[in-house]
Amino acid sequence: TFNWTVWAVAATGFFTDSYNLYATNVILPALAYVYWPNESSGHATAINCVTLAGSIVGQLSFGYLADKFGRQKLYGIELIIVIVSTLGIAQSSSGVDGSLSITSWLMAYRFFLGCGIGAEYPISSVITAEWAPRKSRARMLASVFIMQPIGQFVAALVGLFVLIGLDNSEGLRGSIDDAHTRHVMDSWWRYVTGVGTIPTVIALIFRLTIPESGRWTIDVQNDPARAAKVTESQYPLVEEDEEMQEMTDDNDSLNEDETLPEPFSRADIKQYFIKEGNWRYLAGTSLCWFLLDFAFYGLGLDNPRTLAKLWESAPQPIPEGGVPSWASDASEAEEGIYATIRGNAKRSLLTVSIGAICGCLLLIKLIDYVPRKKMLSWSFVWLALLLAGTGASFLNTFQTNLYGLTIALYVLCQFSFNLGANSLTFIIPAEIFPTRYRCTCHGIAAASGKLGSVIVQATIPAISFKGVKIRDPSSNGLGWLLIIFSVVMLLGCIPAWAWLPELQNMREGKSLKLPSKTLEELAEGVVRAGADGQDI
């Protein structure tokens with residue numbers, strides 16, 4: 001049974017985090033136009049790296065705290081952090097005559113925003129995994145993850161609508177560079193940022209209504225009576241679930257006085273991770289996520305110029321003094337900031353968002369019928385081939401009338417990312433770890449991914465091909481970068497195949513037993529499960 005209430009609680013939080021993370025792709029050109037029009041793109045790199053570093057802190061800290069002290073104590077805190085930091089970003093100022101550094105203010109608030117965004121990864125996955133019936137868990141996790149491309153889609157759409165509204169009232173179209181235009185664009189990026197608080201407040205209302213996880217209550221606190229009461233009254237599961245009944249029958253003989261392991265004790269950590277060999281699962285999920293995000297965020301953040309290059313059909317004359325930092329290409333630099341923001345939104349919606357959303361939708365349909373380990377492994381191989389092909393196509397079609405071929409391949413890349421590795425690296429850690437370590441391990445795996453994204457974001461601006469920076473509008477280095485990312489994707493299939501367990505039988509759609517030992521109970525009387533490796 002698909003629990004829509006649980007989905008709404010988790011999905012609204014994940015949506016708002018995606019919106020706020022990818023809003024930088026929308027607003028950074030306007031910030032550059034207003035505050036540092038003649039400087040390099042170092043400001044954007046610093047802001048993105050600080051945000052991602054904050055995500056690492058949030059994923060590690062909230063993951064551990066949610067396992068140690070309970071999920072309910074953490075519910076909503078990360079969203080409050082997002083609300084406060086988003087409002088801080090929207091009110092950041094350069095002071096009087098530059099008496100303040102707006103870059104420093106933005107970096108400070110974006111770091112705390114990153115903490116809230118990062119915390120949402122383990123929290124959303126745990127809410128879904130521990131309140132969903134086992135048979136629909138993977139599908140519900142995939143349905144939560146689709147909020148990432150939807151949040152990115154909405155951020156671009158909001159930016160476009162606000163731009164059109166300000167153009168109608170203030171007359172932006174055709175303006176090149178004047179005080180009035182800078183004033184309007186300074187308001188524009190604040191509106192786009194501030195809108196991010198609206199879904200966050202909605203998500204917070206949902207989040208504060210959800211009780212403590214029944215699984216955590218029984219597995220860590222050993223309180224089956226309270227777990228049963230909360231689960232039955234708040235989120236009753238389907239009585240007819242055959243797998244739950246089987247688990248009831250299998251575990252009726254358990255000793256009621258059985259002592260549960262003490263989570264995070266040295267003995268339990270050694271037993272679970274070392275003796276049982278589950279460190280391989282943690283290493284496998286972490287390495288897969290690291291390699292995936294190295295390529296995914298290398299293409300996905302600070303990408304207006306990347307997308308603009310894909311759409312170039314002919315060489316463009318570079319204006320005297322070069323292309324300003326806010327412009328995506330030379331032609332839009334001549335037309336002004338309105339054309340730049342509008343062009344960025346169009347390219348993001350058509351080249352990234354549509355393919356990504358379609359990939360997630362197909363995964364929701366397929367995930368219960370395809371073995372997830374094999375799907376993740378082969379998706380890395382497929383992405384390696386596809387990125388290599390896209391890179392080769394770009395090298396041969398850049399600034400020619402055949403550029404449409406590269407765009408089609410790039411859209412297919414975004415579709416494939418979200419049909420496979422990008423979604424599965426989020427889903428699998430929520431399934432394979434026991435309740436007492438689920439949040440911590442998911443946070444570690446997610447933080448490994450964000451570490452990869454920090455490295456690639458800090459590295460790309462320094463990369464040159466034939467003496468030209470890769471982000472220079474005249475450089476074709478994007479093609480070689482795509483080929484490099486294809487090698488990284490090929491490496492991803494190694495830990496996916498070697499260190500991850502198979503999660504289901506493809507024909508029967510049933511979860512297989514894992515070697516971990518966990519004790520959890522599901523609702524309708526509280527079902528005990530996990531004696532020798534039940535996957536709950």
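In which handedness of crossing does α1 pass α6? The close-up views below begin with this pair.

The model is predicted, with local features requiring pLDDT of at least 70, side-chain atom pairs counting only at pLDDT 80 or more, and totals for chains, interfaces and linings using all residues. Residues are numbered from 1 along each chain as its sequence is written, and side-chain values use heavy atoms, leaving out hydrogens and water.

**View 1. Helix α1 (residues 4–35) packs against helix α6 (residues 147–170).** Helices (DSSP runs of H or I, at least four residues) are numbered from the N terminus. The angle is about 50° and the axes lie 7 Å apart; axes are lines fitted to C-alpha atoms over the stretch in contact, and angles run from 0 to 180 degrees between N-to-C directions. α1 is therefore oblique to α6, a class left over once angles under 35 degrees (roughly parallel), over 145 (roughly antiparallel) and 65 to 115 (roughly perpendicular) are assigned. The crossing of α1 past α6 is right-handed, meaning that the near helix is turned clockwise from the far one by less than a right angle.

**View 2. Helix α12 (residues 266–275) packs against helix α20 (residues 435–459).** Their axes are 13 Å apart at an angle of about 75°, and the two helices are therefore roughly perpendicular. D268, I269, Y272 and F273 of α12 contact R436, Y437 and C441 of α20, contact meaning heavy atoms within 4.5 Å.

**View 3. Helix α17 covers residues 372–397.** Just after α17, Q399 has a positive phi of about 60°.

Methods:
Expected span 1.5 Å × (residues − 1).
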